[in-house]
Amino acid sequence: MPELPEAETVRRGLALTVLNSKIEDIEVFDQRCLKKHPGGSEDFQNLMRGRSFSAAVRRGKFIWMPLDIEGFALVMHLGMSGQALIRTQDYQPESQVRLQMNLENGLQFRFSDQRLFGSLMVDQLQPVEGNSSGYSPETEVQTEIPSSVAHIARDPLDAEFDLDSVKRKIKNRTAGIKHVILDQQLVSGVGNIYADESLWRARLHFNQPANSISSRKLTELFSHIKDVLSEAVEQGGTSFDQQYKNINGQSGYFSQNLNAYGQTGKPCNRCGRLIARKSWENRGSHFCPACQRIRKQKLK
Ligand SMILES: [Zn+2]
């Protein structure tokens, strides 16, 4: 499932290709990709046709593109297997394309989604507290957020991410630390892959009770989270299951840098003990049984 680095790679690609070019026509091949759009396919097409995108913005793993009609944005959820592909209009057709838009600049936006957990919708924008709503360095600062994204917390790469406030909330939580850092209303952008990687770097067990971790250790963990996310952005994300692609249909390379996620049975890069996988909340957690043990005493 795409996490922050994958969403950022897609967002960057969109910012370079689709902004300020009129949407000339839209073809919907499968209405299910518009399931979150309240007015259905016809309403979506009427709202979008003749408009253009003024920015490509991201918070956590959520991407939206404000339209040149005040107060509205296209919100894209990649779900499990959604792909935003940008092609020339004569480029060979691809399988699983659910919707495509022709732009005045000759490019075509194709939304491909094998498993149909992703979606597109036009949503209303609302103001946010703080100086910006999300990450969009190519355009002017955005101060509005789609109402469907407003409940999502700021991510660790956001200039306004408030580590002290997040740490205070974590100290009141008794759940395991991995469960807590995956809570998108506390901190966004971290999913299964980057949680496992950050916990490995911090030598924390995924089920270590959040309130047993010292302030210093939490600061260390968040520093690893930031590093892991930034490094993965540099590598174009992780294409572990071949579902995630950038806008050119290419995979990311961060899978070569993984220390825990998907490394079951391989030696730990720190101590040599074999990385294990445990079922966890309908997914798996990958960890080193030697470096990442649950500690009984308060963690320093
Ligand atoms: Zn180890």
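The structure is a predicted model, in which local features need pLDDT of at least 70 and side-chain atom pairs count only at pLDDT 80 or more, while totals for chains, interfaces and linings use all residues. Residues are numbered from 1 along each chain as its sequence is written.

The chain holds 6 helices and 11 strands, where helices (H or I, at least four residues) and strands (E, at least two) are DSSP runs numbered from the N terminus. Along the principal axes, the C-alpha atoms of the chain fill a box of roughly 60 × 40 × 30 Å. Of the 300 residues in the chain, 44% are buried, a residue being buried if 20 or more other C-beta atoms lie within 10 Å of its own, exposed if 12 or fewer, and partly exposed in between, with C-beta atoms placed from the backbone. Among the contacts in the chain with a separation of 6 or more, 63% come from residues 24 or more positions apart, two residues being in contact if their C-beta atoms, placed from the backbone, lie within 7 Å.

Two packed helices are described by the angle between their axes and the distance between the axes. Axes here are lines fitted to C-alpha atoms, for helices over the stretch in contact, and angles run from 0 to 180 degrees between N-to-C directions. The axes of helix α1 (residues 4-17) and helix α6 (residues 215-234) come within 8 Å and cross at roughly 40 degrees, which makes α1 oblique to α6; angles under 35 degrees count as roughly parallel, over 145 as roughly antiparallel, 65 to 115 as roughly perpendicular and the rest as oblique. In this contact, L4, P5, E8 and T9 of α1 meet L229, A232 and V233 of α6, and the residues divide into 5 nonpolar, 1 polar and 1 charged. Ala, Val, Leu, Ile, Met, Phe, Trp, Tyr, Cys and Pro count as nonpolar, Asp, Glu, Lys and Arg as charged, and the others, Gly among them, as polar.

Helix α5 (residues 192-202) also packs against α6, their axes coming within 9 Å and crossing at roughly 130 degrees, and the two helices are therefore oblique to each other. On the α5 side the contact is made by Y194, E197, S198, R201 and A202, and on the α6 side by E220, L221, H224, I225, V228, L229 and A232; these residues divide into 7 nonpolar, 2 polar and 3 charged. Helix α5 is mostly covered, with 10 of its 11 residues buried, and the cover of its buried residues includes α4 (177-181), α6 and β11 (283-287). After α5 comes R203, whose phi is positive, near 55 degrees.

N46 lies in helix α2 (residues 40-48) and is exposed, with 12 other C-beta atoms within 10 Å; its C-alpha atom is separated by 9.4 Å from that of I26, 20 residues apart along the chain. E138 is in the loop between β8 (119-127) and β9 (144-146) and counts as partly exposed, with 13 C-beta neighbours inside 10 Å. The C-alpha atoms of E138 and A55 are separated by 7.8 Å, although these residues are 83 residues apart along the chain.
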